[in-house]
Amino acid sequence: MSNNFFGQFLLEKGVISKSQLLTAIDLQNASHFSLGQIAIRKGYLTRQEAEVINLEQQRTDQRFGALAVSMELLKGRQVSELFITQQKARKFFGEVLIEENVLSQASLTGYLQEHEDLKRQSSLRLNSNIYSHQNGALIADIINTTARMFSRVIKMQLHVSEVLYEDVEIGAQELAIHQSAELPKPIKTGFIMHRKLITSLANKFLDMDVSDNPEVCEDAVKELLNIVLGNSQVGHDKKHKALSKLAPPQVSKPGVDLKAAYKSVLNIQVSVPDHSFVLFLYTD
Amino acid sequence: MSSLLRVLVVDDSLSMRLVVSRLLLNLGHQVIAEASDGAEALQLYLEHTPDVVMLDLVMPKIDGKKTLKKLLQVDEHAQVVICSALGSETDIEYCLKAGAQFYLQKPYTLEGIKTALNNLSETSE
C-alpha cells in the first residue's frame, strides 16, 4: 500500500467514497491543459506543429517545452509563459475536495502530512528489502534510474516477467526475459541474481520463510521488482548519492556512459561489481 | 463487513496468491479458488459464484482490465477489488469507472485488505 496517488490514499482510508474520488478526478482533469493545447490557444503553435512535437516526444524522453525550443517552434520565454498558465489553471486533487466541501483546509493539511509519512514509510520498507544486500545502494540506483529513464516512454510497461536463479556473469546467456506486447518496439527486460540474494529478498518481501521453495522465491522477487519499478520508490532517500557519483556500474560496452546507454536504447547490461545483480534491457 | 466472505483470488504470481490467501485466511475469510489468468478466473467465477474477486491488473493473456469487464458482463453485481502494483491515477480511474468496487495497491497488507473488504460491504446491496 504505497499509495502514490493522494486520492487512492483517501479512498483506502475511508475518507472519501469511490464516487467522490471519481468526481474529483473529473474536475481535476477538466482544469488541466497540456502545454500544446495552451500554445495553440494562445496562437503560438498550430495544431499540426503541436502534433509534430507530440510525436517527437513519444520517440524521445524529452519534455514538450524543451523539444519545442530545440525544434525552433517556440522561444524559451514562451515556454515559461505556457508553464505559468498551465500551473495557474491546474487544480490539485485536495483543492477540488475543498471546493466540493468534502474536506476542510485543516483536515486536508493533516491528511497530506499523513500521506507523505506513509509514502516515506513505504519507500523505506521497499528500500530495506533492496538495501539489505551488500550492493543494495547500487542495485536501488540502477532500478531507480531505469524507472526514471523510461518514465515517459514506457511508463509502467517495464515489466519483469521472470527472475531466475543463476550464478552467471555479465554477457552470459540471456535469461529471465520479458517481451512487452504493448510497445511499438519490443523491449525485453531481464534480471539475473545470485541464489542467496533472491532467497533473502523473497523472505523479506513476503514476510515468511520460503527458502525451500525456489519457485515462490523467484516469483516473489519478480513481484518486488515490478512494484519497485512501478512505484519508482527506490533510491528516493535524499542522502543517497546520485548514480553518477557512485562507482560506475558495468555496461555492455565498456566506457559507455550509463545514462547515454539508457537513452540510446537498447542493448544494455548493468551489474553490481560482484555480478550478483544484473539488469539487461535490449531489443532484437 | 460480513463475517465470512468467499473469495476468488486472481493473480498470475504464485507468491502473491500465497500472500493474499494467507492474509484473507487470517481475517477469517475463505479462499474458494485461485486463478492465474483471466480466462481461468471467468471459469472459476461461474463455477463458484464467489462474494468477492481479488483481481490482479497485470496478467498475461487476458489482463485485469479485460477480465473486470468480462466479469461484470456475466454478473453485473460482481464485487471486484483490483489489486495492482501500478498506482497511477489513470489506472485507478479506469478501473473504478469500469465497475470495480475498490482499488488496492500492492504490496498487500492486512490493513489494506481489511479496508477493501469493509468498503465492499458499504457499497453492496
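Chain B of this predicted model contains 5 helices and 5 strands, and from the N terminus on its elements follow the order β-α-β-α-β-α-β-α-β-α. Of its 125 residues, 50% count as buried. Among the contacts in chain B between residues at least 6 apart in sequence, 59% join residues at least 24 apart. Chain A, with 284 residues, has 37% of them counted as buried, and its secondary structure comprises 12 helices and 4 strands. For chain A, 56% of the contacts between residues at least 6 apart in sequence join residues at least 24 apart.

Within chain B, helix 2 shows how one element is placed against its surroundings. This helix spans residues 38-48, and its buried residues are B:G38, B:A41 and B:Y45. Viewed down the axis of helix 2 of chain B, these buried residues fall within an arc of 50 degrees, so they line one face of the helix. On the face of helix 2 of chain B that is turned away from the buried side, the exposed residues are B:Q43, B:L46 and B:E47. The cover over the buried residues of helix 2 includes, from chain B, strand 1 (6-10), strand 2 (30-35), strand 3 (52-56) and helix 3 (64-74). After helix 2 of chain B comes B:T49, a residue whose phi is positive, near 40 degrees.

Two packed helices are described by the angle between their axes and the distance between the axes. The axes of helix 3 and helix 4 (residues 89-98) of chain B come within 10 Å and cross at roughly 15 degrees. Because angles under 35 degrees count as roughly parallel, helix 3 of chain B and helix 4 of chain B are therefore described as roughly parallel to each other. The crossing in which helix 3 of chain B passes helix 4 of chain B is right-handed. On the side of helix 3 of chain B, the contact is made by B:K65, B:L68 and B:K69, while helix 4 of chain B contributes B:Y94, B:C95 and B:A98. Sorted by class, this contact between helix 3 and helix 4 of chain B has 4 nonpolar and 2 charged residues, with no polar ones.

Note on methods:
Residues numbered from 1 in each chain as written. Chains lettered and ligands numbered in written order. Predicted model: local features only at pLDDT ≥ 70, side-chain atom pairs only at ≥ 80, totals over all residues. Buried ≥ 20, exposed ≤ 12 C-beta atoms within 10 Å, placed from the backbone. Helix = DSSP H or I, 4+ residues; strand = E, 2+ residues; numbered from the N terminus. Arc of directions from axis to C-beta. Contact = placed C-beta atoms within 7 Å. Axes fitted to C-alpha atoms, helices over the stretch in contact; angles between N-to-C directions. Parallel < 35°, antiparallel > 145°, perpendicular 65-115°, else oblique. Left-handed = near helix turned anticlockwise from the far one by under 90°. Nonpolar A, V, L, I, M, F, W, Y, C, P; charged D, E, K, R; others polar.
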